[in-house]
Amino acid sequence: MSVPHPLNQAVIAQALHDLRNGQLRRCKAMGFGDRELDALKHPELVSMLVNATVSWCSVKVNREVLQRLLRQVEDVEQEIATVDRMLRLGASTEMVSKFYGLTHQEVALRRDILGLPKRKGRHPVLSEAQDTDLWAHWKPAVDQRGIALDDDVAMLNLTLDLAETLALPASVIWATIRSWIDQGLA
C-alpha cells in the first residue's frame, strides 16, 4: 500500500486554509499559479494531490530570513538576561520600564520568577562616604570607556557594573549619576 507524501498534505492544507481566508498572495508566494489554484476548487483534484505518493513540492530555506529570526531570538535572550541582571542588582521598576518598556506587573512577575523579595519603598540615599566612593569609581570609568553623558544605554551598563563592584542598589547609583549629570558636575 502506498502512503501519501506528508509534505504534499501540509502544503495543500496550508493552501486551502489561505484560499478560504482570502490570502491569495500567500498561495502565490508558495508557488501556486492561477491554474493550480483553480484546481484546488475541485475536491477530486485536491484528493489526488493530497494522496500523491511522490512529493510534488519542495521546501527551500530562506537563509536571510532564518538568520534574522535567529538574531531576534538572541536579542530577546540578551534583553531578558539584562532585565534579570538589573533586577538582581536593585534596579527600580521605573528603570526597567524606561529601558525595556515592561509594565509594573511584568516587572513584578519577573521578580517573582527570579525569587527576588518584593520591594517596598525607595532605596536609601547614599552616605557622603558612599557618594565619594561612587564618584571615585564612576568618573574614571566614564573617561576610560569614553561614555557620552547622554548615552543612557552605556551609562546603564556602567551603573550595573558599579552596582556589582560597590554592592549598592543600581537604582541608587542611577539616581545619583543622573543627579550629577543634571547638576552639571560631570
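Biologist: Leaving aside neighbours within four places in sequence, what is Leu19 in contact with?

Modeller: In this predicted model, Leu19 touches Leu24, Cys27, Leu37 and Leu40, once neighbours within four places in sequence are set aside.

Biologist: Which element is Leu19 found in?

Modeller: Leu19 sits in helix H1, which covers residues 6-20.

Biologist: And how far is Leu19 from Leu40, in sequence and in space?

Modeller: They are 21 residues apart in sequence, and their C-alpha atoms are 9.0 Å apart in space.

Biologist: Staying with H1, how do the axes of H1 and H4 cross?

Modeller: The axes of H1 and helix H4, residues 43-50, cross at roughly 145° and come within 8 Å.

Biologist: Which residues meet there?

Modeller: From H1 there are Asn8, Gln9, Ile12 and Leu16, and they meet Val46, Leu49 and Val50 of H4. By class, that contact has five nonpolar and two polar residues, with no charged ones.

Biologist: What about Val3, where does that lie?

Modeller: Val3 is in the segment before H1. With a relative accessible area of 62%, Val3 is exposed. Its C-alpha atom is separated by 8.0 Å from that of Ala52, a residue 49 places away along the chain.

Biologist: New topic, the cores. How many residues are in the largest nonpolar core?

Modeller: The largest nonpolar core has 32 residues. Met86, Val96, Leu134, Trp138, Met155 and Leu158 have the most contacts inside it.

Biologist: Which elements give two or more residues to this core?

Modeller: Those are H5 (63-88), H6 (93-100), H8 (128-145), H9 (152-166) and H10 (170-182). H9 gives the most, eight residues.

Biologist: Take Leu158 then. What is Leu158 in contact with, leaving aside neighbours within four places in sequence?

Modeller: On that count Leu158 is in contact with Trp138, Ala141, Val142, Arg145 and Ile147.

Biologist: On to pockets. How much space lies in the largest pocket?

Modeller: The largest pocket holds about 570 Å³.

Biologist: Which residues of the lining lie nearest its centre?

Modeller: Ser92, Glu94, Arg119, Arg122 and Ser171, out of 25 lining residues. By class, the lining of the largest pocket has 10 nonpolar, eight polar and seven charged residues.

Biologist: Which helices each supply at least two residues of that lining?

Modeller: H6, H7 (104-114) and H10 do. H10 has the largest share, with six residues.

Biologist: What is the volume of the second largest pocket?

Modeller: The second largest pocket has a volume of about 280 Å³. Its lining has 13 residues, of which Val11, Met30, Gly31, Cys57 and Ser58 lie nearest the centre.

Biologist: And which elements give two or more residues to the lining of the second largest pocket?

Modeller: H1 and H2, the latter spanning 24-30. H2 gives the most, three residues.

Biologist: Last one, Ala167. What is its phi?

Modeller: Phi of Ala167 is near 55°, which is positive in a residue other than glycine.

Biologist: Where does Ala167 lie, and is Ala167 buried or exposed?

Modeller: Ala167 is in the loop between H9 and H10. Its relative accessible area is 65%, so Ala167 counts as exposed, the cut-off being over 50%.

Note on methods. Residues are numbered from 1 along each chain as its sequence is written. This is a predicted model: local features need pLDDT of at least 70, side-chain atom pairs count only at pLDDT 80 or more; totals for chains, interfaces and linings use all residues. Side-chain values use heavy atoms; hydrogens and water are left out. A nonpolar core is a set of buried Ala, Val, Leu, Ile, Met, Phe, Trp, Tyr and Cys residues joined through side-chain atoms within 4.5 Å. Buried means under 20% relative accessible area, exposed over 50%, partly exposed in between (1.4 Å probe, protein chains only). Helices (H or I, at least four residues) and strands (E, at least two) are DSSP runs, numbered from the N terminus. Contact means heavy atoms within 4.5 Å. On a 1 Å grid over the protein atoms alone, a cavity is a set of points where a 1.4 Å probe fits but cannot get out, and a pocket is an open set with protein on both sides within 12 Å along at least five of seven lines; lining residues have an atom within 4 Å of a point. Grid points are joined across faces, edges and corners, and a volume is the space filled by probe spheres set on the points. Ala, Val, Leu, Ile, Met, Phe, Trp, Tyr, Cys and Pro count as nonpolar, Asp, Glu, Lys and Arg as charged, and the others, Gly among them, as polar. Axes are lines fitted to C-alpha atoms, for helices over the stretch in contact, and angles run from 0 to 180 degrees between N-to-C directions.
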